[in-house]
Amino acid sequence: MADQGQDNAYDRIVKYTGLFGGVQGLVVLISVVRTKLVSVLLGTTGFGINESFNRSINLVKSTTDLGIPFSAVRNISEYMEAGKSDELARSVLVTRSWALLTAVLGMALCVLLSAFFSWWAFEGDRGYTLSFILLSPAVLFSAINGGEMAILKGARLLRQIAMSQLLTVAVTFCISIPLFFWLGLRGLVPSLVLVSLASMTVTCAYSFRAFPYRVRPFSKDVLSDGVGMIRLGVWFTITSFLGSGAFAVVANWLMKNGNAETTGIYSAGYLLVSYLGMFVFSAMESDYFPRLSSVNADNAKVSEMVNSQAEVALLLMSPMVVAFMVFLGWIVSIFLSAKFADAVPMAQFAVLSLVFKSMTQPMSYISLAKGDSRTFLLQEALYDVFFVAAVILAYKWGGVRMTGLALAAASVFDILAVRAITGARYGFRFSRQALKVLSMQIPVIAMTLAAVTCLDGLWRWVAGIALLAVSVWITIRELGRQSDFLARLRGKIKNRLGR
């Protein structure tokens, strides 16, 4: 149990997973409403142009930011944990200096390659060259925003991160919708620039309050201090490109061997599963990775932290997976439309991947926390290759429905591969408690899948809701044994109701 006045590991994980999961829920809700309004105000043409602009901006940013939004977290969190204020201030200075340089580089690259981006994004049309030139400040604002967010994560200012995410999505809504309503298609470029400026401003408002802004982008000493951070970030960027490339290969293959409808169904199912994962996994990058980085030299503490994170993630994710399977038909009809009904069976299989990812994700961060970028790249590359092969073979075997099973199979392969690599490299082992939780929830999830695919009508609902109740009961019981967070939460609710 927790010491008085201080959360234990489980309390912290449950609390901040709930915090960022709730924030992510609001973000998804506002994003869905915004997407629907954009499609109404701009039509399919405007929606497509907007997506092309966004993809191009993100490509430039992810290419030129050198992975700083992720790699900077490691150094800052280490100094934060050790209480080394001078080194912490120096690390913040290095991060900001490199972020400013990459921001200017990204902006310049967007201007210089504006004609190419127009040709590439719009199938040979160079008529959008001026638009990409005008969009270049958005790349600069986004890169600076990424550096400042890394500082907040490394310093573990979690409430500030949550508030900045909420404010950013709210500001995005308030800026873009009025501009689209007023200017129509002409509002696309100013909207993207103003939204990126507003996002940067919100993040800086919190980070500047914690660390007053200082940069020395032309100091050799400052830049040399950041070489290790950049090296790790570049490897992370390469890994991200591999993941994006794998998804693109699958989408293009489905388009050529199926049709646009097939690709749309697959993408919709994949997107729904990804949204569900955000509720649990969003806390890992903001809270878990900085904490793991701070103890990366102690394998015993690393193992303890990874197992605690995996147990809680699995306990929280399992009931969500069961509920997703049971109510997926309603979810599709509310957030998409009846045209995407074929995505339901695909997503019911694909959501199984989140169960295994709950254990794989905490484990896969070990190599990054230790700065072992090549091992992280190996892990991700093995998964990407298996993922592409599995989806292609599954589609040939049973159509788009079986691609969901391929995603589940890829997640099983991933947990086995990462476990073998981290075990050999760092001596990591799953705890008995983590394996116990997995062994309790897997049968419930398997029975739920059987119920939603084999039963119809009233029996389907009875079985699904009963299994959901069992999964929730397991989660509450196990969390209650490991943490007093839920007990304290019940006490607070009773006190408020008693008033």
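Predicted model: local features only at pLDDT ≥ 70, side-chain atom pairs only at ≥ 80, totals over all residues.
**Figure 1. Helix α5 along its length.** Helix α5 covers residues 129-154. At leucine 135 the helix bends by about 30°. Proline 137 follows this residue within four residues. Because 22 of its 26 residues are buried, α5 is largely enclosed by the rest of the structure. After the helix comes arginine 156, which has a positive phi, near 60°.

Figure 2. Opposite charges on side chains can pair when the charged atoms come close. Here glutamate 148 and arginine 96 form a salt bridge, with an N to O distance of 3.0 Å. The pair links distant parts of the chain, with glutamate 148 in α5 and arginine 96 in helix α3 (residues 85-112), 52 residues apart. Glutamate 148 and arginine 96 are both buried.

**Figure 3. The pair Lys61 and Asp65.** A salt bridge joins lysine 61 to aspartate 65, and their closest N and O atoms are 3.3 Å apart. Both lysine 61 and aspartate 65 are buried. The structure has six salt bridges.

Figure 4. Glutamate 478 and lysine 436 meet through their side chains at 4.0 Å, N to O. Glutamate 478 belongs to helix α17 (residues 457-482) and lysine 436 to helix α16 (residues 432-454), and the two residues are 42 positions apart. Lysine 436, with a relative accessible area of 31%, is partly exposed. Through shared partners, salt bridges join Lys436, Arg477 and Glu478 into one network.

**Figure 5. Tyr266 in the largest nonpolar core.** This core has 96 residues, among which Tyr266 and Phe387 touch the most other members. Helix α11 (residues 299-335) supplies the largest share, 16 residues. Apart from neighbours within four places in sequence, tyrosine 266 contacts Phe247, Val250, Leu254, Met346, Phe387, Val391, Val400, Thr403 and Leu407.

**Figure 6. Surroundings of Trp235.** Tryptophan 235 is part of helix α9 (residues 227-257). Its relative accessible area is 21%, so tryptophan 235 is partly exposed. Beyond its neighbours within four places in sequence, tryptophan 235 is in contact with Ser373, Arg374 and Leu377. Serine 71 is 164 residues away from tryptophan 235 in sequence, while the C-alpha to C-alpha distance is 9.6 Å.

**Figure 7. The chain around the close-up views.** The chain contains 18 helices and zero strands. It has 499 residues, of which 52% count as buried. Among contacts with a separation of 6 or more, 82% are between residues 24 or more positions apart. The accessible surface comes to about 22,700 Å², and carbon and sulfur atoms account for 65% of this surface.

Notes. Residues numbered from 1 in each chain as written. Heavy atoms only, no water. Core = buried A, V, L, I, M, F, W, Y, C linked by side-chain atoms within 4.5 Å. Buried < 20%, exposed > 50% of the residue type's maximum accessible area, 1.4 Å probe, protein only. Contact = heavy atoms within 4.5 Å. Areas by Shrake-Rupley, 256 points an atom, 1.4 Å probe, with all protein chains shown as cover. Bend = angle between axes of the 7 residues up to and from the residue.
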